[in-house]
Amino acid sequence: MIGAHWQGLVAGIAAALTALPVYANRLTLEVWPDGSPDHSVSCSFALSDGWISLIQVRGAGLPGPHPMRWRASRAEVEAMSDSLQAFVVGSLGSVDAYGSRQPPAPFLSVTWMTRLDDRLATGLYIQPGLTLPGPLSDTLSLMGLARPCGLSAKADE
């Protein structure tokens, strides 16, 4: 049952992301506080040309018609870069997107994308529990994304 809702959520996010321009720096965080797809939250934020765009999806629904958008501060740009760098260098290890399985809820996953030497680098990070690793926790808290995304993940302490 979760698999069908998971596919619906992924399809909804993919549809929303294809409606937007392709951003070179993107993080999509999905939080599953329990096994119910209706309680899952997905938050995708992208940095492009000094602007941050945010799309939030609750449950297996579709995103709202208008993403939030604001001018990125220098600190927000640096925080986003730090998070993406943690994925690129392997501090936060990515898994095989096609062969990996979801852990039992609660869990969180992050799909990331960035430009590296004029190539697109992407990955998937999955972890059991809802404790955000340091770089992600810092980025989300600096951008104030815990509230607009309604995320139930907790900062690493």
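The exercises below concern a predicted model and treat its sheet, a helix lying across the sheet, and a salt bridge.

**Exercise 1.** Determine the order of the strands in the open sheet and identify the edge strands.

*Solution.* Step one: the six strands follow the order S4-S3-S2-S1-S5-S6, and their pairing is antiparallel. Step two: strand S4 (68–71) and strand S6 (119–128) each pair on one side only, which makes them the edge strands. Step three: from one strand to the next, the twist averages 15°.

**Exercise 2.** Describe how strand S1 pairs with strand S2.

*Solution.* Step one: S1 covers residues 25–32 and S2 covers residues 41–48. Step two: seven bridges join the two strands in the antiparallel sense. Step three: within this pairing, Arg 26 stands opposite Ala 46 in S2.

**Exercise 3.** State which strands helix H3 lies across.

*Solution.* Step one: helix H3 comprises residues 134–143. Step two: the helix lies across S1, S2, strand S3 (51–58), S4 and strand S5 (107–116). Step three: helix H3 runs at about 80° to S2.

**Exercise 4.** Locate the salt bridge and classify the exposure of each partner.

*Solution.* Step one: the count comes to one salt bridge. Step two: Arg 74 is joined to Glu 78, with the closest N and O atoms 3.4 Å apart; the cut-off is 4 Å. Step three: both residues lie in helix H2 (residues 74–88), four residues apart, about one turn of the helix. Step four: Arg 74 has a relative accessible area of 69% and is therefore exposed, whereas Glu 78, at 43%, is partly exposed.

How values were computed:
Residues are numbered from 1 along each chain as its sequence is written. This is a predicted model: local features need pLDDT of at least 70, side-chain atom pairs count only at pLDDT 80 or more; totals for chains, interfaces and linings use all residues. Side-chain values use heavy atoms; hydrogens and water are left out. Two strands pair if DSSP finds at least two bridges between them. Axes are lines fitted to C-alpha atoms, for helices over the stretch in contact, and angles run from 0 to 180 degrees between N-to-C directions. Contact means heavy atoms within 4.5 Å. A salt bridge is a side-chain nitrogen of Lys or Arg within 4 Å of a carboxyl oxygen of Asp or Glu. Buried means under 20% relative accessible area, exposed over 50%, partly exposed in between (1.4 Å probe, protein chains only).
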